[in-house]
Amino acid sequence: MRLLAIETSCDEMAAAVFQGGKLASNIVATQEIHRQYGGVVPELASRAHVRSIVPIVEKAISDAGVSKAGIEALAVTQGPGLIGSLLVGVSFAKAFALANNLPIAGVNHLEGHLFSNNINESGPELPFVSLIVSGGHTILVHVQAWGKYEVLGQTQDDAAGEAFDKVAKILGLSYPGGPVIEKLARQCDADSAKKNMPRFPVARVADPFAFSFSGLKTAVLYHVRTLTPEQLAEQRACIAAAFQSALIAALVEKTAAALATRPARALALAGGVACNQALRQAMAKIAEQHRVPLFFPEPIYCTDNAAMIGRAGLFYLQNGKRDSLLLSPQPGLTLRSTI
Ligand code: KG4
Ligand code: ZN
């Protein structure tokens, strides 16, 4: 099956083509316009999607070495996400399917992230525990089978990536904050840590699998307010390191609890924050303690992409799922079992 996959849930315009079950092309265009605002502006995102969807889809098709007429099926992100952004992708995919009389599958973006370790051959074996950590989501899932999910816990306020982005803003750093904070945190060596490392609280939430990061963000804000600009400049790296380690400690604690209580053959990370090396190292330790392999996607498949949507779409189309052309975007779609 030659499948065209489209992802426009937020600020990434992405298209991918699968041929014979293999990924043949994968294009991701990040919208740079949001950088100057320090976060995604929904209206600007949907307008930029309208402008770029045709050239990006055409590039994905030509990079795959196929023709438009050769596409046999479509997969498109249905939600969750920004309504305006989702509308562009869903409307385009439905028009493409209608014009060419093709089957179409709407894909849950979160399920796409669960498939992001399985885009190429070797991925986690079922059942496994997956932690999706992105700018919009922090969700711990027991993947019992493809299509059968137990959502163990989610964030009660900010998503992990959102906390990175907001703390970066507090520290006067650029957007997106995750990569900048990670790089800066490495500059906090043992000597400056002794002098400058604040202690931030690891959020305690009664629910054993739920997360909360807004208290941590506020703790950073209150700490920074006590500093002069000179002190902040001197201590910025260690504040970034202290924030990053408190956030990772919370993720590790809940993920370890999931591994301790659910049958799992693997631990898998997904989402933009899964690019973080310190997080990967901390998760590698608990995976080893529970004697399971750790999987994390290549960076291009951590952040939003259409390859993961295509992989999930292929699973459903090959199992007979077809959506009608009444398919509509669902900005508040949650992750739930489909089988
Ligand atoms: O998965 P993604 O593209 O966003 C959503 O689907 O929401 O991930 C973007 C998020 C941003 O919040 C960004 O700051 C964070 O992932 N991120 C990181 C790193 N790289 C990206 N966070 C921590 N460390 C990184 N290296
Ligand atoms: Zn995402």
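## Sheet and helix packing in a predicted model

Leu3 stands opposite Phe18 in E2, in what is a predicted model. Strand E1 (residues 2–7) and strand E2 (residues 12–19) run antiparallel and are joined by 6 bridges. Both belong to an open sheet of 5 strands, whose order is E3-E2-E1-E4-E5 and whose pairing is mixed. Strand E3 (22–30) and strand E5 (104–108) form the edges of this sheet, each pairing on one side only, and from one strand to the next the twist averages 20°.

| Helix | Strands it lies across | Angle |
|---|---|---|
| H1 (residues 42–63) | E1, E2 and E3 | about 25° to E2 |
| H2 (residues 83–100) | E1, E4 (73–79) and E5 | about 155° to E4 |

The crossing in which H7 passes H8 is right-handed. On the H7 side, the contact is made by Leu216, Val220, His223 and Val224, while H8 contributes Leu232, Gln235, Ile239, Phe243, Ala246 and Leu247. Sorted by class, the contact of H7 with H8 holds 8 nonpolar and 2 polar residues, with no charged residues.

Notes. Residues numbered from 1 in each chain as written. Chains lettered and ligands numbered in written order. Predicted model: local features only at pLDDT ≥ 70, side-chain atom pairs only at ≥ 80, totals over all residues. Heavy atoms only, no water. Pairing = 2+ DSSP bridges. Helix = DSSP H or I, 4+ residues; strand = E, 2+ residues; numbered from the N terminus. Axes fitted to C-alpha atoms, helices over the stretch in contact; angles between N-to-C directions. Contact = heavy atoms within 4.5 Å. Left-handed = near helix turned anticlockwise from the far one by under 90°. Nonpolar A, V, L, I, M, F, W, Y, C, P; charged D, E, K, R; others polar.
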